Amino acid sequence: MKKSGIILLAALMLAPFKVLAQPDPNFHIYICIGQSNMEGNPRPEQMDKENVSPRFVTMNAVDYPDSKMGEWRTAVPPLARPNTGLTPADYFGRTMVQNMPEDVKIGVVMVAVAGCSIDLFDKDKCEEYIPKQADWMKNICNAYGGNPYNRLIELCKKAQQDGVIKGILLHQGETNTNDPQWPANVKKVYDDILSDLGLEAGSIPLLSGEVVPADQRGVCADHNKVMATLPETLPQAMVVPAYGCEAGRDHLHFNVKGSRELGRRYAARMLGYLGY
């Protein structure tokens with residue numbers, strides 16, 4: 001047999017093994033969705049860009065100057081898009097890798113849009129919701145291909161080829177302050193995500209971070225009372241407290257210290273859930 005034929009035969013023999021490759025059970029992936037506090041409002045400081053473990057990675061939801069959409073990279077902020085800020089997901093991931101076995105890797109897949117209602121992540125409402133919004137929000141949605149929910153599912157399916165989805169991190173609610181339907185709407189988004197990703201219903205937790213609280217004179221602090229009822233509608237939900245997390249001057253967004261602390265608290269809730 002000619003050398004070229006041997007090479008072709010070897011390639012054909014190896015091909016099935018590539019197709020049958022399984023996701024790494026020690027690669028834990030978390031879906032991150034929400035509005036501006038999840039997107040990241042405060043500018044990262046130098047300390048936030050240093051010493052990020054290679055075990056903490058993020059999948060780009062848009063193109064970055066040095067990496068493309070759908071690629072994994074070490075989770076150096078900003079995580080949402082190139083022009084966004086520090087998000088609770090930054091210190092969630094850092095804290096998770098610090099407190100889990102060294103063979104465990106943490107990945108985040110983030111799609112977040114400043115100012116958005118929970119309706120943006122409802123696949124049955126988003127196409128009607130987006131055209132009614134301000135141009136700046138439409139531009140953010142356009143960065144996600146015009147449909148942030150579809151981009152989220154596309155990326156998560158790609159991520160599932162590499163690892164296992166372990167939970168959803170939500171930081172949203174300011175735009176829906178005092179909306180009694182918010183818990184039910186969150187549950188629908190949760191149910192849709194699991195269904196579209198082929199995950200068993202109710203199989204993963206949803207961690208919902210409080211908005212800037214009353215002790216920080218949060219302008220939307222009343223929504224935390226609505227959020228407290230979320231586990232009644234969605235038993236898989238865990239509320240992450242934000243008391244003491246520092247706010248920025250607008251009392252709508254967390255500052256860098258507040259974002260770091262809130263991220264650590266997301267991790268504490270998840271670590272507790274996992275038994276650590």
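Author: A salt bridge is a side-chain nitrogen of Lys or Arg within 4 Å of a carboxyl oxygen of Asp or Glu. The model discussed here is predicted, so that local features need pLDDT of at least 70 and side-chain atom pairs count only at pLDDT 80 or more, whereas totals for chains, interfaces and linings use all residues. Residues are numbered from 1 along each chain as its sequence is written, and side-chain values use heavy atoms, with hydrogens and water left out.

Reader: How many salt bridges does this rule count?

Author: One of them joins lysine 187 to aspartate 191, with the closest N and O atoms 2.7 Å apart, and another joins arginine 151 to glutamate 154 at 3.6 Å. By the rule given above, the count of salt bridges comes to 14.

Reader: What is the angle between the planes of tyrosine 30 and phenylalanine 92?

Author: A search of the whole structure finds 2 aromatic pairs, where rings of Phe, Tyr and Trp (its six-membered ring) pair if their centres lie within 6.5 Å, and planes under 30 degrees apart count as stacked, over 60 as edge-to-face and the rest as tilted. Tyrosine 30 lies in strand E1 (residues 27–34) and phenylalanine 92 in helix H4 (residues 88–99), so the pair ties together parts that are 62 residues apart in sequence. Both residues are buried. Their edge-to-face arrangement has a centre-to-centre distance of 5.0 Å and an angle between the planes of 80°.

Reader: Which residue has its charged end over the ring of tyrosine 64?

Author: A charge sits over a ring if NZ of Lys or CZ of Arg is within 6 Å of the ring centre and within 35 degrees of the ring normal. One such case is arginine 265, which lies over the face of tyrosine 243 at 4.7 Å from the ring centre. For tyrosine 64, the charged end sits 4.3 Å from the ring centre and belongs to arginine 73.

Reader: Which residues does isoleucine 168 touch, not counting those up to four places away in sequence?

Author: A nonpolar core is a set of buried Ala, Val, Leu, Ile, Met, Phe, Trp, Tyr and Cys residues joined through side-chain atoms within 4.5 Å. The largest such core has 81 residues, and those touching the most other members are Ile31, Ile33, Met96, Ile168, Ile193 and Leu206. Counting contact as heavy atoms within 4.5 Å, isoleucine 168 touches Ile31, Ile33, Tyr190, Ile193, Leu194, Ile204, Pro205, Leu206 and Leu207.

Reader: How far does the backbone oxygen of glutamate 200 lie from a polar atom of the side chain of serine 203?

Author: Serine 203 is found in the loop between helix H8 (182–196) and strand E6 (206–209), and at 32% relative accessibility it counts as partly exposed. Leaving aside neighbours within four places in sequence, serine 203 is in contact with Tyr190, Leu194 and Tyr273. The distance from the backbone oxygen of glutamate 200 to a polar atom of the serine 203 side chain is 2.6 Å.

Reader: What is the omega of the peptide bond from proline 77 to proline 78?

Author: Proline 78 lies in the loop between strand E3 (72–74) and H4. The bond from proline 77 to proline 78 is cis, with omega near 10°.

Reader: Is asparagine 51 buried or exposed?

Author: Asparagine 51 has its place in the loop between helix H3 (46–49) and strand E2 (56–59), and its phi is near 55°, a positive value in a residue other than glycine. Since its relative accessibility is 78%, asparagine 51 counts as exposed.

Key:
Buried < 20%, exposed > 50% of the residue type's maximum accessible area, 1.4 Å probe, protein only. Helix = DSSP H or I, 4+ residues; strand = E, 2+ residues; numbered from the N terminus. Polar contact = N/O pair within 3.5 Å; in protein donor to acceptor, adjacent residues only side chain to side chain.
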